[in-house]
Amino acid sequence: MLGAGEIVGRFLDAKLQVHPDVVSYLREKNDPALMDRIISSVPQGTLVVNPAHIPGTSPAKDGERFLPEPDLEIIAGKSGTSPEKNRFEDFFPYFRDRYTRLSEILRSRLNPVPIEALVRSTRYRQEECMIIGMVLDVRTTAKGHRLVDLEDPTGQISVLFNRGRPGFADAERLLPDEVIGTRGKLSQDGRLLFAEQLVRPDVPLTHAPFTSNRPGKAVLISDIHAGSSTFLREAWDRFTDWLPSSGAGYLLICGDLVDGIGIYPNQEEELTIRDIYEQYRMLAELMAAVPKEMAIVISPGNHDVVRPSEPQVAIPEEFRKGFTPNCHFVENPALLSLQGVRVLMYHGRSIDDMIGLIPMASYSRPEEMMVEMLERRHLAPVYGRRTPLSPEPRDRLLIDPVPEILHTGHVHTSGITRYRGVLGVNAGCWQGQTRFQKQVNITPTPGRAVVVDLQTLEPEVLSFGNTSQTA
Ligand code: D5M
Ligand code: FE
Ligand code: ZN
């Protein structure tokens, strides 16, 4: 049951006060997604949210049928949310929003001094203090310490994480552009902070995931790559033959729907369909084999026809011909509610960047990178490498609210994790090993789907590939 304090806190986070009647209503409904929907729909400039702001509730559903009617709501990432174009100068407000919102989360545990005051004033010299900043640069010194340049809206400072001191292990995983808090002692000249602790925004320890109060299951998959010569037709057919018996009301597809055209050099040699419209037509056929009672949520990835920068817009109308009405096209990322259980879908291009920068990370353990995302409360912390970002005034890649389930794809290997109550799922793919993956030694785990019970949040991995293909 949602607590009054939790409700009031959530509205305060959104800079809103809330009328007691709305609090009672939300407690009674016990539906966190409804709360998020109210917050996102109140008109700009609203100070107090009152009962008039509650959107019309959906008609009561009866859960007695074999396949309960899907109760799907797209909280964020509806088709048409993101503007098509952004300008380079928009990066300033974009990173400002990222800093402001993540530092707000960190402020519950830290009492930071503005960096400018720290550097200018003499009163903090050799004193213990806290700061919150965005990582401008991070490197390892000759002696093996970690040296970080941190920036806040007032200035910047260098922070040293000494090998063997607290916080060093966390500092080894520092990524450019992430927002962190740190506590330490300021040097005599005020130009260097000797860190003793690194604090990430993270999932609150008290996070209690919501569970559905009626039966329901969701099937999570990604990386179909329709049109590729390595698409595994037989595994897919076995999967869709099984679906009607699964009892699942939802199928979520987390990007790389088709293989695309011109995504990598000489790709045409590995395509069976070389027309992008035809690739989506094939996808529509694959979807037609899914029971009509299931709600299908379709989110794009880096092989799809939309712009590569994230948030990626939904698959445009002109490619949606032939899809049945149970197909819902959303952006990447997108936040859904399935019977109140919130699922954050993100294709996962940033996993490439993180694996490249985090020591010991591996393509065979994508679930560890999902934990890295949750700790940073951000889906794609690093800007300027493999993950292109679209600068919008609000950073849509922030993880806020904390979902019940984080669903990713992209790396073609399956991995499941549970971190502070959040279930992380990377299901795998429906494509065999490509020439490229062979070169870089990536062994995919094709033909797997993950079924999540919405009442317990327990996952189950099902394999539809050949045993020889599923390692
Ligand atoms: O990505 C499938 C997998 O292949 C994923 O683990 C990333 C990896 N990949 C894809 N392209 C590259 C490049 N250019 N360098 C290194 N690794 C890569 P997919 O998005 O399906 O192509
Ligand atoms: Fe893929
Ligand atoms: Zn991908």
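D256 is the residue to start with: D256 bridges the zinc ion, ligand 3, and the iron ion, ligand 2. The two ions lie 3.3 Å apart. Please keep in mind that this is a predicted model.

Now the zinc side. The zinc ion, ligand 3, is coordinated at 2.2 Å by D256 through OD, N302 through OD1, H347 through NE2 and H410 through ND1. Along the sequence, these donors follow the spacing D-x45-N-x44-H-x62-H. Take D256 and H410 as a pair that links distant parts of the chain, 154 residues apart. D256 sits in the loop between β10, residues 250-254, and α8, residues 276-288. H410 sits in the loop between β14, residues 405-408, and β15, residues 415-419. Are D256 and H410 buried or exposed? Both D256 and H410 are buried.

Next, the iron side. Which residues are the protein donors of the iron ion, ligand 2? They are D223 through OD, H225 through NE2, D256 through OD and H412 through NE2. These donors lie 1.9 to 2.3 Å from the iron ion. Their spacing in sequence reads D-x1-H-x30-D-x155-H. D223 is buried, and H225 is buried as well.

That brings me to ligand 1. How many residues surround ligand 1? There are 14, and the closest are D256, N302, H303, H410 and H412. Sorted by class, the shell around ligand 1 holds four nonpolar, six polar and four charged residues.

For H303, an N or O atom of the side chain is 2.6 Å from an oxygen atom of ligand 1. For H410, that kind of pair is 2.9 Å apart, and for H225 the distance is 3.2 Å. Ligand 1 taken alone exposes 460 Å², and the protein buries 78% of that. Recall that H410 is also a zinc donor, and that H225 is also an iron donor.

E84 is found in the loop between β3, residues 72-78, and α4, residues 91-106. Is E84 buried or exposed? E84 has a relative accessible area of 59%, so it counts as exposed. Leaving aside residues up to four places away in sequence, E84 touches R307 and V313. E84 and R307 are 223 residues apart along the chain, and their C-alpha atoms are separated by 8.5 Å.

Key: Residues numbered from 1 in each chain as written. Chains lettered and ligands numbered in written order. Predicted model: local features only at pLDDT ≥ 70, side-chain atom pairs only at ≥ 80, totals over all residues. Heavy atoms only, no water. Near = heavy atom within 4 Å. Polar contact = N/O pair within 3.5 Å; in protein donor to acceptor, adjacent residues only side chain to side chain. Areas by Shrake-Rupley, 256 points an atom, 1.4 Å probe, with all protein chains shown as cover. Nonpolar A, V, L, I, M, F, W, Y, C, P; charged D, E, K, R; others polar. Donors = N, O, S within 2.8 Å, 3.2 Å for Na, K, Ca; no water. Helix = DSSP H or I, 4+ residues; strand = E, 2+ residues; numbered from the N terminus. Buried < 20%, exposed > 50% of the residue type's maximum accessible area, 1.4 Å probe, protein only. Contact = heavy atoms within 4.5 Å.
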